[in-house]
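Dear colleague,

Please find the structure below, together with an account of what was found in it. I would be grateful if you read the account with the model open beside you.

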Amino acid sequence: MRNDTEVSAIDDGKPVSTSNRRIRSVLTRVLWGGHWLLRIWLAGYLLVYGWSKVFLMQMGYADYSDALIQYGEMSPMGLLWRFMGFSPVVQFLAGAAEVTAAILLLFRRTAWLGAALAVVDMSVVFLLNLTFDVPVKQLAGMMALAGLILLIPNLVRLGRFLIGLPTGAPVQGRISDNRIFVAITKWTSPLLAVVLIVGSGVAFGLRTNWGQLDPAPVVAGVYRADDGGQRTVDSAEITQMAFGQIAVGGKARVAIRFADGSFQDGSYQVKDDGSLALSLYPKLAGDQGLVRDVSTRMGLRYDLGDQGRLRLTGDGLDLTLVPDPERRYLYDRDFSWAPREAIHR
C-alpha cells in the first residue's frame, strides 16, 4: 500500500506524488478563480466608462459656453475633454470599444479576446491620462495591467496568431469540475452576463433619456455686448456672453467674459415667464476642482430683437448683446467630403 508521498503518476517524464497533484489541482483552481474575479472587476469598470462615453456623458458635447474660454486658460484635462466632446462620433466609438471588451470578457470562450481588446483600449486611455494629467491615471494603468494578466494563459496562442501560425483552442479553466456546479454555471453565467450588460446599458440610457437632449433654449448663442446700457457686475464690465445650446433637464451652461479679462461660467435656465435664472461659479482663478459651489445667482428678463439681438435686464443690468459669428466659427463650420482649402485658425 502506498502513501501520499509515493509515486502515483508520471508527468513530463518525472514522477508526481498524489499530494503534489492535489496541491497543483487546488492551486490551479484558485488561480482560475482569481482569473474569473479579475475578469468581472475589469468588465464592470469597462461597462461604466464605456456606456458613459456611448451616451456622451463623460466628455459631453461641444457647447457654445466653451466659445469664450481661451486656450491658455484651459487645464490639460479640460483641453482633452473639449477635444473629445467636439466629436461625438469619436467619443461614441471609444465607448463602444470599451463596452465590446467588457462583453467579450464576460463570456468564458471569448474572455481572452476581451482581455486583448481591453489592453489596447486602456493603454490608450492610460497614455492620454498621463499626458493630459487626468486624475484616474492609476486606475487606467491598473485596468491595462489587468488585461495583460488575463491574457497570460493565452499569450502563446496570441503570439502564434500574430506570426500567422495555427493557434489551437483557447486555454480555458474551471473553478470546479463538480458536475452540479458545471451544469448550473453553464446556463447561469451567460445569463448573468447578459443581465449585467443589458442592465448597465439600460441604466445609463434611462439616466440620459437615451441620449435625447432638450430643445436648444431660445437664447442659445455666442454674443458680444454693445457699448450702451448698464453692463457692470461686481465692478467688472461684461464684454461677451455665451449661452449653451446643450440643455438637460431645462438647464444649460453659460459663460461670461469681462473687460478686465476675467472669465466666469455657470448654468442658466429659461423660465416660462420670460426670464433667465443664472447660477454662476466664482471667476476662473488658479486651481479649481471639478465640483464647485455657486457664488452668484441672478434673475434677468430677456427680450429677443431683430437680427438676433438679445436684451437682458434686471439685477442692475440693462445689457444688449449682439451675435458674434467669429466666436461661433468652430460650431458653425460645416463638414465637406470633397477637397477644399484647409482652414487652420
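Helices and strands are here DSSP runs, numbered from the N terminus. With that numbering, N209 lies in the loop between helix 7 (179-207) and strand 3 (221-225). Please bear in mind throughout that the model is predicted.

**The protein as a whole**

The protein has eight helices and eleven strands. Its radius of gyration is 29 Å, whereas the globule rule gives 20 Å for 345 residues, so the protein is more spread out than a compact globule. Along the principal axes, its C-alpha atoms fill a box of roughly 105 × 45 × 35 Å.

Of the 345 residues, 34% count as buried. The accessible surface comes to about 20700 Å², and 62% of that surface belongs to carbon and sulfur atoms. When contacts between residues at least 6 apart in sequence are considered, 55% of them join residues at least 24 apart. The protein has 35 positive and 31 negative charges, and the mean positions of these two groups are 15 Å apart.

**Two residues with a positive phi**

Most residues other than glycine have a negative phi. N209 counts as partly exposed because its relative accessibility is 47%. D133 also has a positive phi, of about 55°, although it is not a glycine. D133 is placed in the loop between helix 4 (111-131) and helix 5 (137-151).

Leaving aside neighbours within four places in sequence, E98 is in contact with L46, Y49, G50, K53, D121, M122 and V125. The C-alpha atoms of E98 and V120 are separated by 9.7 Å, and these two residues are 22 apart along the chain.

S189 is in helix 7. It counts as partly exposed, at 34% relative accessibility. Along the chain, S189 and R108 are 81 residues apart, while their C-alpha atoms are separated by 8.8 Å.

**Two residues in loops between strands**

S262 is found in the loop between strand 6 (251-258) and strand 7 (263-270). Buried means under 20% relative accessible area, so S262, at 16% relative accessibility, counts as buried. Which side chain makes a polar contact with the side chain of S262? The partner is the side chain of D260, at 2.6 Å. Apart from neighbours within four places in sequence, S262 is in contact with I256, R257 and K283.

L284 belongs to the loop between strand 8 (275-280) and strand 9 (296-304). With a relative accessible area of 35%, L284 is partly exposed. Its contacts, once neighbours within four places in sequence are left aside, are I69, E73 and F263. L284 and F263 are 21 residues apart in sequence, and the distance between them in space is 5.6 Å, C-alpha to C-alpha.

Yours sincerely

Conventions
Residues are numbered from 1 along each chain as its sequence is written. This is a predicted model: local features need pLDDT of at least 70, side-chain atom pairs count only at pLDDT 80 or more; totals for chains, interfaces and linings use all residues. Side-chain values use heavy atoms; hydrogens and water are left out. Helices (H or I, at least four residues) and strands (E, at least two) are DSSP runs, numbered from the N terminus. The radius of gyration is taken over C-alpha atoms; the globule rule is 2.2 Å times the number of residues to the power 0.38. Buried means under 20% relative accessible area, exposed over 50%, partly exposed in between (1.4 Å probe, protein chains only). Contact means heavy atoms within 4.5 Å. Accessible areas come from the Shrake-Rupley method with a 1.4 Å probe; for residues, only the protein chains shown count as cover. Lys and Arg count as positive and Asp and Glu as negative; His and the chain ends are not counted. The place of a charge is taken as NZ of Lys, CZ of Arg, CG of Asp or CD of Glu. A polar contact is a pair of N or O atoms within 3.5 Å; within protein, one must be able to donate a hydrogen and the other to accept it, and residues adjacent in sequence count only if both atoms are side-chain atoms.
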